[in-house]
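Open the model in your viewer and keep the sequence panel beside it. Each stop below gives a selection and then what is there.

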Amino acid sequence: VIAICATNDGEEQLFLTYSNDGGASWSSAIDVTTHNGNADIDNIGMACENDIAYIVWRDNFLNGVDDTVWLSIFNFGSGFFIDQDINVSPNLILQGGDADDGVSVSVDDNYLAIMYHADNLGSTAEQLRINLSSDLGQTFLGDQKVGLYDNSNQNHDTDGGCVIVEDGLVALAWRDNRTGQDEVYATVGNMNTGIFSPD
């Protein structure tokens, strides 16, 4: 059993605690990120497989203002991190964007998908972005926009995204207002290529 929580003494910090006896006893709180105390953390998410936890969040560690998305990988069988503070939104930074609202993560076999919302990419309207890994977070294809809406010029705004990975495919669902009102859309992509079907 593993649990994550954010504590707030002005700026949220992110911790985990775990149990290897079905919840009868628990570890002391462990810092998920080295950013604790140096950034404000929001929108946490976690997926687990084979005693490994993949924990994602957004924070403003890089410049104190704009949020980026991070990943830490923790082995709660051994009690050690496999990796910490992997930046999974580098293209967002290059394009001057800001991670906003929800993050979501899913894992299956060797496949790991991380989804998040972002704004300031042409307008303040949010777009949905995803980064995909076929080796459990060792390498990533690079974060990219998903969906056929136009948040940049027509201010179509996305909300409520979610992601799931299964058998080498990744499915996303979200809502956007491209027709003038919010409706729900979905797409399916290939984990190895990052190519998605039409919404």
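**Stop 1: Asp101**

Select Asp101. With a relative accessible area of 33%, Asp101 is partly exposed. Buried here means under 20% relative accessible area, exposed over 50%, and partly exposed in between, with a 1.4 Å probe and protein chains only. Asp101 sits in strand β8, residues 98-108. Helices (H or I, at least four residues) and strands (E, at least two) are DSSP runs, numbered from the N terminus. Now check the backbone. Asp101 is not a glycine, yet its phi is positive, about 60°.

Before moving on, note the ground rules. This is a predicted model, in which local features need pLDDT of at least 70 and side-chain atom pairs count only at pLDDT 80 or more, while totals for chains, interfaces and linings use all residues. Residues are numbered from 1 along each chain as its sequence is written, and side-chain values use heavy atoms, with hydrogens and water left out.

**Stop 2: Asp167**

Go to Asp167. Asp167 lies in the loop between β12 (158-166) and β13 (169-176). Its relative accessible area is 59%, so Asp167 counts as exposed.

**Stop 3: Gly161**

Step back into strand β12, where Gly161 is found. Is Gly161 buried or exposed? Gly161 is buried, at 19% relative accessible area. Show its contacts, meaning heavy atoms within 4.5 Å. Setting aside neighbours within four places in sequence, Gly161 is in contact with Met115, His117, Leu128, Ala173 and Trp174. For a distance check, pick Val69. Gly161 and Val69 are 92 residues apart in sequence, and their C-alpha atoms are 15 Å apart.

**Stop 4: Gly45 and Met46**

Select strand β4, residues 41-49, which holds Met46. Gly45 is in strand β4 too. Gly45 is buried, with a relative accessible area of 11%. Met46 is partly exposed, at 28%.

- Gly45 touches Ile4, Tyr54, Ile55, Val56, Val103 and Val105.
- Met46 touches Ile2, Ile4, Ala53, Tyr54, Ile55 and Val105.

Gly45 and Ile2 are 43 residues apart in sequence and 12 Å apart in space. Met46 and Val103 are 57 residues apart in sequence and 9.5 Å apart in space.

**Stop 5: Gln84**

Move to strand β7, residues 80-87, and pick Gln84. Gln84 is partly exposed, at 29% relative accessibility. Which residues does Gln84 contact, leaving aside neighbours within four places in sequence? The answer is Asp31, Val32, Thr33, Thr34, Leu71 and Ser72. Take Val32 from that list. Gln84 and Val32 are 52 residues apart in sequence, with 7.5 Å between their C-alpha atoms.

**Stop 6: The cysteines**

Display the cysteine sulfurs. A disulfide is taken as a pair of cysteine sulfur atoms within 2.5 Å. How many disulfides does a search of the whole structure find? The count is 0. Cys48 is in no disulfide, and the nearest cysteine sulfur, that of Cys5, is 14 Å away. Cys48 is partly exposed, with 37% relative accessible area.

**Stop 7: The whole chain**

Zoom out and colour by secondary structure. The protein chain has 1 helix and 14 strands. Its C-alpha trace spans about 50 × 40 × 30 Å along the principal axes.

Switch to a surface. Of the 199 residues, 48% count as buried. Among contacts with a separation of 6 or more, 44% are between residues 24 or more positions apart.
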